[in-house]
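Please consult the sequence and model below while reading.

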Amino acid sequence: MKIFKRIISVMLAAVISVSIVLPSFALDKKCGCGFSPVIYVGPLGCADIVRDAGEENEQRLWKTDTKFLLKNFGKVNGTLLKGIALKDYDAVADAVVEFVNLSFGDLALDSEGNSHKNVTVPNLNTPDSSEHGVNISFYFDYDFRLDPYIHARRLNDCIQQIKKLTGHSKVQLKASSMGGVVLSAYLDTYGYKDVETVICQCCPLWGTAVAGELFCGKFELNPVSLRRYAQTAIPSLDGGDAAQSLLYFLTDAFRITGIWNMIIALGNRISCKIIDRVYSEALIPIFGTMPGIWSFVPAEYFDTALEYMKVSRSGGLYRQILHYRTAQSHIAANLKKAKNAGVRTYIFCGYNIQRTPLVSAWKNTSDGTVDTKYASLGATCADLGETLDTEYIDSLKDKKYLSPDGMIDASTCALPDCTWFNRDWLHCNGQPAIDRFYEKLLTSKKQLTVFSMKEYPQFLQNDKNAGTLLPVTGEYNYRELFRQNPSLLNLTRIASDFIFGKHK
Ligand SMILES: [Zn+2]
């Protein structure tokens with residue numbers, strides 16, 4: 001009887017231990033496809049932020065709908081029109097402040113960095129599929145307002161889950177724009193042990209000047225930046241080659257006829273009177289409360305911005321804002337460490353695009369949103385539309401990182417061998433040739449460099465309309481662009497230069 005009992009208990013123990021081990025056998029099943037799953041870490045605004053989700057009066061607050069904006073405009077347009085008619089700029093300011101607060105006010109966080117209870121992101125993605133491949137990636141989204149370390153924690157959870165679901169031991173991270181902020185916080189907290197590849201696309205790794213300057217109150221509007229901003233946006237507009245060419249021609253014609261100057265003068269006359277109030281009564285109380293937006297402030301602006309924005313030095317918000325400084329100041333070292341340990345590391349950024357024309361740093365070359373020097377972790381860049389001066393170029397011992405157009409020296413980057421520059425690339429705008437480039441990076445088993453692929457040298461020319469990504473070969477000029485892609489728009493650029501004087 002005793003023996004019988006013992007046999008039963010041994011058998012039971014065996015059954016229990018097998019049943020405990022079994023599921024983990026199933027989860028640990030290795031995938032043999034040879035391609036680690038890709039997680040796309042999305043940009044700002046990757047997730048909808050909603051007020052009163054699930055209720056009758058549910059309202060999307062970010063990337064909101066025109067109906068909501070029109071409704072809010074309806075509430076202020078009486079004051080606005082009367083103010084304009086009577087040149088009563090205080091009334092105009094009242095109207096604008098009220099409109100911004102009605103439309104975006106509920107996005108503001110409290111002094112602890114928390115959202116209003118009824119303002120949420122109801123549908124964040126969680127991994128639930130084992131499918132993976134070059135064209136199947138997991139989209140990681142988040143509430144851009146919050147502390148980036150909150151997203152880093154969730155990203156880590158997703159990575160662990162995706163590893164289990166797919167049977168791979170590592171993942172490939174592709175960060176787009178603000179995704180680089182999440183990546184910075186992630187790497188600084190969890191390291192690179194689960195990561196096989198990192199791609200940073202147009203990421204504000206060291207911030208973006210527009211955030212730094214706006215948080216320091218440095219506004220500047222001028223006709224040169226306004227015209228260039230309009231022109232660089234044109235290739236991304238719908239409407240086809242003919243419409244784009246016409247618009248381009250008009251932006252240059254505006255310059256000659258002084259229309260840009262008139263727009264600035266009119267803008268300045270009204271904006272100087274109301275900008276202070278809109279800023280202090282609407283923009284600061286909303287966007288100044290978001291650690292996510294603070295993560296965009298470059299180190300050189302940070303102390304001034306804290307003063308200017310009158311951030312209270314107590315409370316969770318301040319602690320969160322300060323915490324991210326660590327991630328930002330470590331990102332170059334963290335990426336280097338990862339790369340040295342075998343993580344394939346790639347930085348891809350745009351240049352030669354006019355940045356947001358509101359700030360005094362409007363001469364920084366950029367992708368329109370992120371300054372090239374911050375996205376590339378330290379490239380030496382000429383002012384937009386210019387080349388590095390000959391003295392600087394002559395002083396370079398090694399010119400192998402100098403762009404053929406003389407605009408950028410990548411030798412000063414944190415990772416010069418794996419940082420690519422895409423000329424005329426508007427912030428994160430996709431096109432098939434860029435997808436092919438990424439596919440090459442993601443499928444390669446070894447670290448690729450700016451010297452290892454003939455078709456992808458360090459400096460590339462982006463042409464969204466033609467769907468091409470071609471090596472930059474020489475000085476920037478429209479004849480060369482036309483030779484690469486003989487579109488009407490590129491022909492108009494040459495003609496417009498000829499009629500109105502050289503592009504500057
Ligand atoms: Zn696989």
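The sections that follow treat the basis of the model, a sheet and the salt bridges.

## Basis of the model

The model is predicted; local features require pLDDT of at least 70 and side-chain atom pairs count only at pLDDT 80 or more, whereas totals for chains, interfaces and linings use all residues. Residues are numbered from 1 along each chain as its sequence is written, and side-chain values use heavy atoms, with hydrogens and water left out.

## An open sheet of three strands

Three strands, in the order β3-β2-β4, make up an open sheet with antiparallel pairing. The edge positions belong to β3 (59-60) and β4 (119-120); each has a single partner strand, so one side of each lacks a neighbour in the sheet. Strands here are DSSP runs of E with at least two residues, and helices are runs of H or I with at least four, both numbered from the N terminus. Two strands count as paired if DSSP finds at least two bridges between them.

Strand β2 (residues 50-51) is joined to β4 by two bridges, and the two run antiparallel. Within this pairing, Val50 faces Thr120 of β4. In general, strands of a sheet pair through backbone hydrogen bonds, either parallel or antiparallel.

## Salt bridges across the chain

The structure contains 13 salt bridges, each defined as a side-chain nitrogen of Lys or Arg within 4 Å of a carboxyl oxygen of Asp or Glu. One of them connects Asp106 and Arg51, with the closest N and O atoms 2.6 Å apart. This pair links distant parts of the chain, 55 residues apart: Arg51 belongs to strand β2, and Asp106 to the loop between α3 (89-104) and β4.

The two partners can be classed by relative accessible area, computed with a 1.4 Å probe on protein chains only: buried is under 20%, exposed is over 50%, and partly exposed lies in between. Arg51 is buried at 18%, while Asp106 is partly exposed at 28%.

Arg423 and Asp405 form another salt bridge, their closest N and O atoms being 2.9 Å apart. Arg423 is in strand β11 (residues 419-423) and Asp405 in the loop between α14 (390-395) and β10 (408-409), so the contact ties together parts 18 residues apart in sequence. Both residues are buried.

Arg277 and Glu281 form a salt bridge with an N to O distance of 2.8 Å. These residues are four apart in helix α9 (residues 259-287), a separation of about one helical turn. Glu281 is partly exposed, with 34% relative accessibility.
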